[in-house]
Amino acid sequence: MSRRWGPLAGLLTAHTVSLTGNMLTLIALPLYVLAETGSPAATGLAGAFATAPVVLGGAFGGVLVDRIGYRRASVLADLVSGVTVAAVPLLHATVGLPFPALLGLVFVSGLLDTPGQTARTALLPEAAAAAGVPIERALGWLGATERGARLVGAPVAGLLVSALGALPVLAVDAATFAVSALVVTALVPASLRPSADHDAPSAGYWRDLAAGLRFLAREPLLRAMVLLVLVTNLFDATKSNVLMPVVATRDLGGATAFGMLVGAMGGGALVGSLLFSAVGHRLPRRATFVTAFAICGAPPFWALAAAPPLPVIAAVCVVSGLAAGAINPLIGAVELERIPATMRARVYGVIGAGAWAAMPVGALGAGLAADRFGTTATLVAVGAGYLLVVLTPLLGGPWRDLRRPAPTEQPRPDRSPAPAATATE
């Protein structure tokens, strides 16, 4: 491999491996808790403990990533996460694993996950420049790795859980973190970092964090995006962490069906991302944003509630994923135009934390609602709420700025790419 391609290939490979491991846990963890407890509420509680540290790590970890260095932060995050995930099957097989201890390990494992992803993404502009690749194309490839991880990881996890059980799958996940850390260490040189930005003097942790918050507060469109994605991610968490695994276990055949549905969504999203990269620059942004969210949001909930045969639900998930593939690249393009390079990691951390903040509530609330009202009623209600929320950009306000800059508009100074406020579906 050419030296100039090594850093970019290393970042994309590590990101793919790490995110594929995350998909293994996404499938294995709720099925393990459901098998051990038989309780949707307990499954929702575990989902909340899995997503809460993602929010905290994103909110407070971005400044630390800026300080300790992107390469080092990526490796450290993977190693810590790998050790904590490996402790789950190890303790279960030896001294035993009480439910509170499981929640603690899940929490610690997720605490550095977002900073690790932030670190890899923050290095992408430099890696792309070294390879001579336009940053838009590199961002598209990064998005494809995320969708591809879902496409591959979810079905494989479902098959492995069916064949081996949930705990061995968690052990495989721990190994993926080690591989990711090794790839970054081997292929991404320590010298790869934003020179001027990274060498900028720090005003102190809390002041640096406050600067990122102030920047976001001054950007109405970014605030609106974060708020909308916060709510839709809450809804998505009810589906992926609780409602879909419960329906798959009770009505569709178990882990294999769960993995198939998540993989169908990921496969559609992968194709959708590639299609958007080809034609997205010709599409009106606001109409595309609303249409994509309307197609990807409510239909999977209502398909699960209607309980048709598994292939029908999988087909709905494919179409839903196809639409979802346009969302994150579109959000990323808007952020590409607005976020300064000097705040790359910290602003992304704040935005990511805001986008994910309600997911623990969604997971916990879905478990309680499923126990109280049943999964079908919960699926119908959440789907209706999803549709209403994603239509709000049609009302105008800051969403009128969701447009492509005119050719005569000059980019604002000190601008460089930053990762998006990521929608989970």
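Which residues form one aromatic cluster with Phe235? Select Phe301 and Tyr386: together with Phe235 they make up that cluster. Keep in mind while looking that this is a predicted model.

Phe301 belongs to helix α13, while Tyr386 belongs to helix α18 (residues 375-390). The two are 85 residues apart, and their pairing links distant parts of the chain. Both Phe301 and Tyr386 are buried.

Next, select helix α13, which covers residues 285-306, and find Phe289 and Phe293 in it. Four residues separate them, about one turn of the helix. How many aromatic pairs are there in the model? The count is five. One of them is Phe289 with Phe293, an edge-to-face pair with 5.2 Å from centre to centre and 80° between the planes. Phe289 has 1% relative accessibility and so counts as buried. Phe293 is also buried, with a relative accessible area of 1%.

Finally, go to helix α18 and select Thr375. Is Thr375 buried or exposed? Its relative accessible area is 16%, so Thr375 is buried, the cut-off being under 20%. To see what surrounds Thr375, display Leu243, Val246, Val247, Arg250 and Ala370. Thr375 touches each of these, leaving aside residues up to four places away in sequence.

Technical notes
Residues numbered from 1 in each chain as written. Predicted model: local features only at pLDDT ≥ 70, side-chain atom pairs only at ≥ 80, totals over all residues. Heavy atoms only, no water. Phe/Tyr/Trp six-rings, centres within 6.5 Å; stacked < 30°, edge-to-face > 60°. Buried < 20%, exposed > 50% of the residue type's maximum accessible area, 1.4 Å probe, protein only. Contact = heavy atoms within 4.5 Å.
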